[in-house]
Amino acid sequence: MIPELSNPSVCMKDPERVKEILESMVKAGSNTVQVISDFDMTLTRFAHNGKRCPTCHNILDNSMLITEECKVKLKDLLNKYYPIEIDCTRSIAEKLPLMVEWWTQAHELLVKQDIRKDKLAIVVRQSEAMLREGYQLFFDHLHEHSIPLLIFSAGIGDVLEEVIRQAGVFHPNVKVFSNYMDFDECGVLKAFKGVLIHIYNKREGALLNTGHFQELRTRPNVVLMGDSLGDLTMADGVQDMENILKIGFLNDKVEERKQSYLDAYDIVLIKDETLVVPNAVLLYLT
Ligand code: C5P
Ligand code: MG
């Protein structure tokens, strides 16, 4: 029914179930659909020409706004904690406090760097951040069909917004839940606002934003996109959910993690740097 689901990057544990979900959503109509997507390594590329692409945090970490000494410390944190993030031999319960440590320490370092709000656009422009191929169609299509897109990210909201603004796709149907910077009256970073969002507390983040899901209560059909098993709880705030189609990008440690991704996501995209499959799904639904 969707030819792209036969692409070599696509794996599904239960293709019949995927078909059922899609049919049920088509029947309900596109005005009942909402999309909830992670940002880093889901809407953005994991790698390009064999080189890793930056996350929101990495855009700052690698920028001219950070001293060389601080860069070394941030890199040490990445080298220590990223392998833990993708380690499938440890449980989420075991990883959770370590992820809190990572985010907390990184944010403490960033806050000491006198980062100016008016420099963010420049560092994003100078960065190697890349949205996945097909992003234009993805964002434009959702906008044209008035389908709400919630980008739910444990990255940095100010940086994320700048990436999509510079790409020309920050349309009015897009809403962002993320970690936002708090600037003083001179426009210098002094803290991060609100409750920290890390990769394993998106459920709590969702439940803090009941107002958003209340507004979308006429849209009980959800397309969820993520690259981490932590992203699966992003839709936990959706009210009276009828169907959910979960699309997962498996970018790294493919062999070790494949089974757990197949068990958790309806459609798994293996080392696929494009939005071709999500776009085909969304075209089918509209
Ligand atoms: O948008 P998303 O929720 O995917 O953002 C989280 C990602 O940010 C994690 O996958 C993690 O690897 C990355 N991260 C980072 N530097 C930090 C903390 C998290 O690159 N200090
Ligand atoms: Mg991600």
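Modeller: We may begin with burial: a residue is buried if 20 or more other C-beta atoms lie within 10 Å of its own. Please bear in mind that this is a predicted model.

Colleague: Is Leu-22 then buried or exposed?

Modeller: Leu-22 counts as buried, because it has 20 C-beta neighbours inside 10 Å. This residue lies in helix α1, residues 15-28. Setting aside neighbours within four places in sequence, Leu-22 is in contact with Met-1, Leu-245 and Tyr-284. The C-alpha atom of Leu-22 is also separated by 9.9 Å from that of Leu-282, although the two residues are 260 residues apart along the chain.

Colleague: Which strands pair with β11, and in what sense?

Modeller: In general, side chains in a regular strand alternate between the two faces of the sheet. Here, strand β1 (residues 10-11) runs antiparallel to β11 (residues 267-270), and two bridges join them. Strand β10 (residues 243-250) pairs with β11 in the parallel sense, over four bridges. Val-268 in β11 stands opposite Cys-11, and Val-268 is also the bridge partner of Gly-248. From β10 the chain passes through helix α10 (residues 254-264) to β11, a right-handed β-α-β crossover.

Colleague: How are α3 and α4 oriented to each other?

Modeller: Angles over 145 degrees count as roughly antiparallel. The axes of α3 (residues 68-85) and α4 (residues 92-111) cross at roughly 165° and come within 10 Å; the two helices are therefore roughly antiparallel. Their crossing is left-handed.

Colleague: Which residues meet there?

Modeller: Those of α3 include Leu-74, Leu-77 and Tyr-81, and those of α4 include Leu-98, Trp-102 and Leu-109.

Conventions: Residues are numbered from 1 along each chain as its sequence is written. Chains are lettered from A and ligands numbered from 1 in the order in which they are written. This is a predicted model: local features need pLDDT of at least 70, side-chain atom pairs count only at pLDDT 80 or more; totals for chains, interfaces and linings use all residues. A residue is buried if 20 or more other C-beta atoms lie within 10 Å of its own, exposed if 12 or fewer, and partly exposed in between; C-beta atoms are placed from the backbone. Two residues are in contact if their C-beta atoms, placed from the backbone, lie within 7 Å. Two strands pair if DSSP finds at least two bridges between them. A crossover is right-handed if, with the strands pointing away from the viewer, the path from the first strand over the helix to the second runs clockwise. Axes are lines fitted to C-alpha atoms, for helices over the stretch in contact, and angles run from 0 to 180 degrees between N-to-C directions. Angles under 35 degrees count as roughly parallel, over 145 as roughly antiparallel, 65 to 115 as roughly perpendicular and the rest as oblique. A crossing is left-handed if the near helix is turned anticlockwise from the far one by less than a right angle, and right-handed if clockwise.
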